[in-house]
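Hello,

Here is the structure we talked about. Please have it open while you read the notes below.

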Amino acid sequence: MRKSIFIAAGLFLSISTQAQLLDILKSTVKDKTGIDLNNPQATKGSTAATTNTTTTTTTPTSNSTKTSPLNVGNLTSTQISSGLKEALSVGVTDGVKKLALTDGFLKNEAVKILMPEKLRKVDMTLRSVGLGSLADEGVKLLNRAAEDAVTEAAPIFTNAITSMTITDAKNILLGSNNAATSYLQSKTQSQLFTAFQPKVKASLGKVGADAVWKNLISKYNTFTGQSVTTDLNEYVTTETINGVFKMVADKESGIRNTPAMRTTSILQKVFGAQDANR
């Protein structure tokens, strides 16, 4: 009887030891491989989930590439560049041509040059004492000087347009409504001022603006006992340049937003691609 008990105890210990060893083995396998021998199905599901997650996270990257803002259809870089240069050339030519006409500035409320801000009180004072016609003549001659000087812009603009790069053109095409005008402004602002200033000075003398304004300010100073001066040359130069860019921006916006204003095949093709990217 006692012998049987010892044998049973030995078997029990042997089984217990094997179970412990098996548990240790399972634990080791799970630590090393991630596979749970107690629940292999769960492991497979987990692996599948991991795979699916990986697949899902890569999909948006592919879609993002397809909808990249640099997608301009089948247009070549040369076509994009040609289209933008033509749009700017049309805007500049049309804008300068209209502004250079008699009343091109004076009768266009968007670009009309008004009395300099620091001299608005001169205008009010002269009108209050019955000299409104003198003030009106002063403003008219400022605009006449601008109309006379604005033709100097054409060759400067042409040089800036010609030097536009492919990268410039792509950025402009997919930019804001005045992206081309802003580009032109950044490339020509200082050159325009340098070229315009002597032309404006000559124009002020040519149309008699300098003499009229000398008389206008002299009368104001007499009435008020003050001593007001202003640099008409710098003021008219700046306002003339602003007027040119306003006209170019209006033309650019029209071409971008109104298909009927795309009067050539290259403008239709390039800005049609722009429409598709909006």
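A crossing of two helices is called left-handed if the near helix is turned anticlockwise from the far one by less than a right angle, and right-handed if clockwise. Keep in mind that this is a predicted model.

By that definition, helix α3 and helix α11 cross in a left-handed way. Helix α3 covers residues 77–99 and helix α11 residues 265–276; they pack at an angle of about 115°, and their axes are 9 Å apart. Angles of 65 to 115 degrees count as roughly perpendicular, so α3 is roughly perpendicular to α11. On the α3 side the contact includes Ile80, Leu84 and Ala87, and on the α11 side it includes Ile266, Val270 and Phe271. Sorted by class, this contact has seven nonpolar, three polar and two charged residues.

Helix α5 (residues 132–149) packs with helix α9 (residues 209–224) at an angle of about 145°, again with axes 9 Å apart. The crossing of α5 and α9 is left-handed. Among the residues in contact are Leu134, Val139 and Leu142 of α5, and Val212, Trp213 and Leu216 of α9. The contact of α5 with α9 counts nine nonpolar, two polar and two charged residues.

There is also one aromatic pair. The ring centres of Phe157 and Phe245 are 5.7 Å apart and the ring planes stand at 70°, so the pair is edge-to-face. Phe157 belongs to helix α6 and Phe245 to helix α10, so the pair ties together parts 88 residues apart in sequence. Phe157 counts as buried, with 0% relative accessibility. Phe245 also counts as buried, at 5%.

Regards

Terms used: Residues are numbered from 1 along each chain as its sequence is written. This is a predicted model: local features need pLDDT of at least 70, side-chain atom pairs count only at pLDDT 80 or more; totals for chains, interfaces and linings use all residues. Side-chain values use heavy atoms; hydrogens and water are left out. Rings of Phe, Tyr and Trp (its six-membered ring) pair if their centres lie within 6.5 Å; planes under 30 degrees apart count as stacked, over 60 as edge-to-face and the rest as tilted. Helices (H or I, at least four residues) and strands (E, at least two) are DSSP runs, numbered from the N terminus. Buried means under 20% relative accessible area, exposed over 50%, partly exposed in between (1.4 Å probe, protein chains only). Axes are lines fitted to C-alpha atoms, for helices over the stretch in contact, and angles run from 0 to 180 degrees between N-to-C directions. Contact means heavy atoms within 4.5 Å. Ala, Val, Leu, Ile, Met, Phe, Trp, Tyr, Cys and Pro count as nonpolar, Asp, Glu, Lys and Arg as charged, and the others, Gly among them, as polar. Angles under 35 degrees count as roughly parallel, over 145 as roughly antiparallel, 65 to 115 as roughly perpendicular and the rest as oblique.
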